Amino acid sequence: VLLKNALYIPAALVGLSMESYGILVAFLVLDLITGIWRSIVAEGVQSIRSWRGINGFFSKFLFITVPIVVAYMGHGLGIEMAALARMALGILILFTGYSILANIYTIRTGEVVAEPDAMKYILKSVEAILNKFTVPKDHK
């Protein structure tokens with residue numbers, strides 16, 4: 001409950017949807033479960049390592065903080081980035097949903113599907129907006 005409130009309160013303060021956050025958390029849990037299963041199907045049981053699992057769990061958990069970081073980064077710079085934070089949340093839901101579907105496909109067929117990188121997409125979007133606001137207009 002404490003962890004849930006620690007994430008929900010900052011998200012609510014910048015106008016992010018709690019329903020969307022709930023969907024993202026549910027998708028992250030489902031992605032973690034299907035990802036482990038996919039790994040067993042594609043690479044065998046020996047592919048499951050404790051370090052890999054711990055790293056996967058924490059990297060998925062950090063996804064939850066991305067929209068909040070984006071929103072507060074803009075707030076700290078005096079730039080309205082709530083729309084970008086909502087977009088980041090939507091992108092994470094979309095890409096995590098895609099990952100779940102790709103995992104299910106691999107579980108069913110044994111064929112591994114390449115997945116796009118959500119963080120790279122979000123970083124490029126944030127960079128474009130920051131460049132717009134921080135690069136002088138006469139800069140070439």
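Predicted model: local features only at pLDDT ≥ 70, side-chain atom pairs only at ≥ 80, totals over all residues.
Residues are numbered from 1 along each chain as its sequence is written, and side-chain values use heavy atoms, with hydrogens and water left out.

So what is the chain built from? It has six helices and zero strands, taking helices as DSSP runs (H or I) of at least four residues and strands as E runs of at least two, numbered from the N terminus. Of the 140 residues, 33% are buried, meaning under 20% relative accessible area with a 1.4 Å probe, protein chains only.

Now to Phe63, please. Is Phe63 buried or exposed? Phe63 is buried, at a relative accessible area of 17%. Leaving aside residues up to four places away in sequence, Phe63 touches Leu24, Leu28, Leu92, Thr96 and Met119; contact here means heavy atoms within 4.5 Å.

One of those partners, Leu92, also turns up where H4 meets H5. On the H4 side we have Val66, Pro67, Val70 and Ala71, and on the H5 side Leu84, Ala85, Ala88, Leu89 and Leu92. The residues of this contact are nine nonpolar, no polar and no charged, counting Ala, Val, Leu, Ile, Met, Phe, Trp, Tyr, Cys and Pro as nonpolar, Asp, Glu, Lys and Arg as charged, and the others, Gly among them, as polar.

Thanks, and happy to take questions!

Note on methods: Buried < 20%, exposed > 50% of the residue type's maximum accessible area, 1.4 Å probe, protein only.
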